[in-house]
Amino acid sequence: MVSRPENMRPAIVGSMIVGLVEGCALAALLPTVTALAEDGPVWGLGLAGWLWILGILAVLSFGLNYLSERTNYAVALDFLRSLHRLVGDQVAKQPLGWFARPIAGALSRMVSSELMSAGEIFAHMFGPLVSRSTAAFVIIVAAWFWDPALGAILTVAVPVFVFITLASTALLRRGRAIHEPPEVTLANRIVEYAQCQGAIRSCDRSDDYRPLSQALDEARAAKTKGLWLESVGMLLSGMVTQGVVVVLITVTGTLAVDGALEPIPAMAFIGLALRFTSTLSAITSSAMALESRRPLLDGLDDVLTATPLPEPGAPATLTAPGAVELENVTFTYPGKPAPALQNVSMTVPAGSMVALVGPSGGGKTTVARVISRFYDVDSGRVLVGGVPVTEQTTEQLMGQLSMVFQDVYLFDDTLEANVRVGRADATDEEVREAADLAGVREIAERLPEGWGTQVGEGGRGLSGGERQRVAIARALLKKAPIVLLDEATSALDIENESNIIAAVERLREQATVIIIAHRLATIAGADKIVAIDADGRVEAQGTHEELLAVDGTYARFWHRLESAQGWQLTN
Ligand SMILES: Nc1ncnc2c1ncn2[C@@H]1O[C@H](COP(=O)(O)OP(=O)(O)OP(=O)(O)O)[C@@H](O)[C@H]1O
């Protein structure tokens, strides 16, 4: 986890030395108090000598603490840097489909705030745990040395503490396991409630949105139950500290009364015992604080152990640049019972335009996803550029593809920078040319700061159709040999539509185009149409005329589309 493990050793040794010095300073209380009470030397040193030793130990402890804190911070920063890099590397190796999982949603929170908390383990928890444990050990050894009876008392206190600490951390963990899952559900419901306000208000359900109120009730009930367990855990650890103090004082007092201990050493020992128990309770606090980071570390573990996309070390030699082929592909989404694609075979020659058509939910988008290797298929092969996608590096595959889907994401940057994402080294003329073709110039002319206008996070400042135009401009600029395009059905006004048609025509000239088509003109103009049925099977493929002549499902689909779009036009 740390890039420089050699830093760990000085950090641990440093914390142990701090503990050793603090333990010695506490143990030195015994002879100091005895020297004070008996007004004579103890082990050849008078009170002044012992006070000097205490003073030196205090200064030493201060200096060592400072050095140890610095070392611990260096380890914590190194740990954070290494974790950021590890998470980044791991995320980069995941198939694109991985980001659809709930874990991906938690990723940004993890990388920003939660990793900082993980860093605190080394900055504030691990070092103190080591130094306090060492200090406790030194006190016990000193007590044995001073008086075996006192050493025995302190030694017995340790397993009691350990047992109670384990029990209370177990209770804390159990409590959290009860209330955290419903809290996560509640957070998701709140986000859903905020995001779907339009739909909720139009159904007049703002006051009574059952999923949210149910999640609230469940979270409240779970929190109450979980808090009970957590409170018992906290109480237990607090009570045991007090209990051990009382037992230590009682036993020491009894030994003094019985004459087994001199009164003065007994008094000094009670002072030492008080410090000892506070050291033990500090250890408990550190252990509990570490325990509180466990879910975070588990979450990190999920990310760090996710299976990366297997890929070769070097790019393959493409045998058919620009071509795409699916050979008998069957694919099931993770966790889904039925396959989304079944025995799909299709060939897309380089430079051609293939339209994917079919009912909603049939699997058209899934075809585009398996071509882009969002997921690896269950069986069959997907070839891009003549080579199976599994035999290409991610960089090589992505270099051949431009994807223009409906959910276009724009970066929180200027309009121009968002087009330039297509190819960072493009000249200004190339950027403007691609933008003109895709109709982005009209958008720039309308915006207050033209090309320099910030489009907002995700492209909030632009409409859906405008965002898609920017994505098409990116694809034009990238000049990738293969373009996967989901033709938007919604948010297209006449201006948008004519721009997109013109841009698609240009894309056809420079690339192979696989288009999820919804418009009659696009479908009829394609070199080949692949009709996918509701079960994710290829129902028919061929040219528009060939498929119409068969008079099968495609012909019925076409006539339905024709009448639907005709109805739109006449109205
Ligand atoms: N990320 C996903 N996880 C699980 N199942 C999915 C996922 N995406 C799509 N599906 C399922 O796979 C099937 C095919 O979906 P797909 O989006 O490919 O259809 P489509 O033909 O593109 O539909 P549309 O035209 O409505 O966009 C559907 O049953 C859908 O519910």
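**Close-up views of strands and the ligand shell**

**View 1. Leu401 stands opposite Ile482 in strand β7.** This is a predicted model, in which local features need pLDDT of at least 70 and side-chain atom pairs count only at pLDDT 80 or more, while totals for chains, interfaces and linings use all residues. Residues are numbered from 1 along each chain as its sequence is written. Strands are DSSP runs of E with at least two residues, numbered from the N terminus. Strand β6 (residues 401–404) and strand β7 (residues 482–486) run parallel and are joined by four bridges; two strands pair if DSSP finds at least two bridges between them. From β6, Leu401 and Met403 point one way, Ser402 and Val404 point the other way, and all are buried (20 or more other C-beta atoms within 10 Å of a residue's own, with C-beta atoms placed from the backbone).

**View 2. Strand β4 (residues 379–384) pairs with strand β1 (residues 324–331) in the antiparallel sense.** Five bridges connect β1 and β4, and Glu325 stands opposite Leu383 of β4. Leu383 also has Pro388 in β5 as a bridge partner.

**View 3. Strands β4 and β5 form a hairpin with two residues between the strands.** Strand β5 (residues 387–388) runs antiparallel to β4, and two bridges join them. In this hairpin, Gly385 takes a positive phi near 70°.

**View 4. Twelve residues lie around the ligand**, near meaning that a C-beta atom, placed from the backbone, lies within 6 Å of the molecule. Tyr333, Ala340, Ser360, Thr365 and Thr366 come nearest. The shell has three nonpolar, seven polar and two charged residues. Ala, Val, Leu, Ile, Met, Phe, Trp, Tyr, Cys and Pro count as nonpolar, Asp, Glu, Lys and Arg as charged, and the others, Gly among them, as polar.

Note on methods: A residue is buried if 20 or more other C-beta atoms lie within 10 Å of its own, exposed if 12 or fewer, and partly exposed in between; C-beta atoms are placed from the backbone.
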